[in-house]
Amino acid sequence: MAVVTAALITLGLLASPAQAAPTGIPSKSTAQTYLNALTVAAEANASTYDRDLFPHWITISGTCNTRETVLKRDGTNVVVSSACAATSGSWYSPYDGATWTAASDLDIDHVVPLAEAWRSGASAWTTSKRQSFANDLTRPQLIAVTDNVNQSKSDQDPSTWQPSVTSYRCTYAKMWIAVKYYWSLNLQSAEKTALQTMLNTCSS
């Protein structure tokens, strides 16, 4: 049986365990280098933020938009309709450790929230660049998580919000740092301190 199972896994006929898997998460040492290079500066332009200045979700492929693409990537045994809406599947939310079987129970979290990005430099970007940021599938910026957890997080940075699953905080810090580094966003002193504390929990 073990041989058969191994063969099926090799052929891709058995699904792997459900887990969110954004791309581009750096190693601890790379994340540390990025964190050291980021500019510490006060937030600015908070009063002029508007979510509509970050157009999303956009079409990624065929009928699939960004949200639907992340749901397919992060879930197990995901079945979609002809319109690319997830009709069944299983999703594990690493922030809180919950597993869901209805796509409606999930939000796609912007790891670095749009409002946080705006206050940290994105207010100077073009709308086109903000659209790219809001739909970034290359960096670890988008992840499927429990909807009310995402709503509780809102636009907070790691100095005031961290995943309740403490073992995921290392990964969360590396994701946050990678996104801010790639997009050349500033961070605040308390945010940097929190990220460093989280990064210190990483083994690699």
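Author: A disulfide joins Cys 64 to Cys 84, with an S to S distance of 2.0 Å. In general, a disulfide is a covalent bond between the sulfur atoms of two cysteines; the working rule here is a pair of cysteine sulfur atoms within 2.5 Å. By this rule the count comes to two disulfides.

Before we go on, a word on the ground rules. This is a predicted model, where local features need pLDDT of at least 70 and side-chain atom pairs count only at pLDDT 80 or more, while totals for chains, interfaces and linings use all residues. Residues are numbered from 1 along each chain as its sequence is written, and side-chain values use heavy atoms, with hydrogens and water left out.

Reader: Where in the chain do Cys 64 and Cys 84 lie?

Author: Helices (H or I, at least four residues) and strands (E, at least two) are DSSP runs, numbered from the N terminus. Cys 64 is in strand S2 (residues 64–65), and Cys 84 is in the loop between strand S3 (75–80) and strand S4 (86–93), 20 residues apart. The link is right-handed, with 90° about the S-S bond.

Reader: And are Cys 64 and Cys 84 buried or exposed?

Author: Take buried as under 20% relative accessible area, exposed as over 50%, and partly exposed as in between (1.4 Å probe, protein chains only). Both Cys 64 and Cys 84 are buried.

Reader: Which residues form the other disulfide?

Author: Cys 170 and Cys 202, with sulfur atoms 2.0 Å apart. Cys 170 lies in helix H7 (residues 169–182) and Cys 202 in the segment after helix H8 (189–199), so the pair ties together parts that are 32 residues apart in sequence. The torsion about the S-S bond of Cys 170 and Cys 202 is about 115°, so this disulfide is right-handed. Both Cys 170 and Cys 202 are buried. With the bonded cysteines numbered in sequence order, the pairing reads 1-2, 3-4.

Reader: How should I read the nonpolar core?

Author: In soluble globular proteins, nonpolar side chains tend to be buried together. A nonpolar core here is a set of buried Ala, Val, Leu, Ile, Met, Phe, Trp, Tyr and Cys residues joined through side-chain atoms within 4.5 Å. The largest one has 34 residues, and Tyr 95, Phe 133, Tyr 172 and Leu 185 have the most contacts inside it. Among the elements that each supply at least two residues are helix H2 (28–37), helix H4 (114–119), helix H5 (127–134) and strand S7 (142–146). H7 gives the most, with seven residues. A second, separate core of eight residues includes Val 70, Trp 91, Ala 103 and Leu 106.

Reader: What does Tyr 95 touch?

Author: Contact means heavy atoms within 4.5 Å. Leaving aside neighbours within four places in sequence, the partners of Tyr 95 include Val 111, Ile 143, Trp 161, Pro 163 and Tyr 172.

Reader: Which residues of H5 are buried?

Author: Arg 130, Phe 133 and Ala 134 are buried in H5. Seen down the axis of H5, its buried residues fall within an arc of 95° (taken from the directions from the helix axis to the C-beta atoms), so they line one face of the helix. Their cover includes strand S6 (106–110), H4, S7 and H7.

Reader: What polar contacts does the side chain of Asp 136 make?

Author: A polar contact is a pair of N or O atoms within 3.5 Å; within protein, one must be able to donate a hydrogen and the other to accept it, and residues adjacent in sequence count only if both atoms are side-chain atoms. Asp 136 lies in the loop between H5 and S7 and counts as buried, at 4% relative accessibility. The side chain of Asp 136 meets the side chains of Arg 139 at 2.9 Å and Trp 183 at 3.0 Å. A polar atom of the Asp 136 side chain also lies 2.9 Å from the backbone nitrogen of Thr 138.

Reader: Where is the pLDDT under 50?

Author: pLDDT is the predictor's confidence in each residue, from 0 to 100. The value stays under 50 over residues 1–18. The protein chain averages 92, and 90% of the residues score at least 70.
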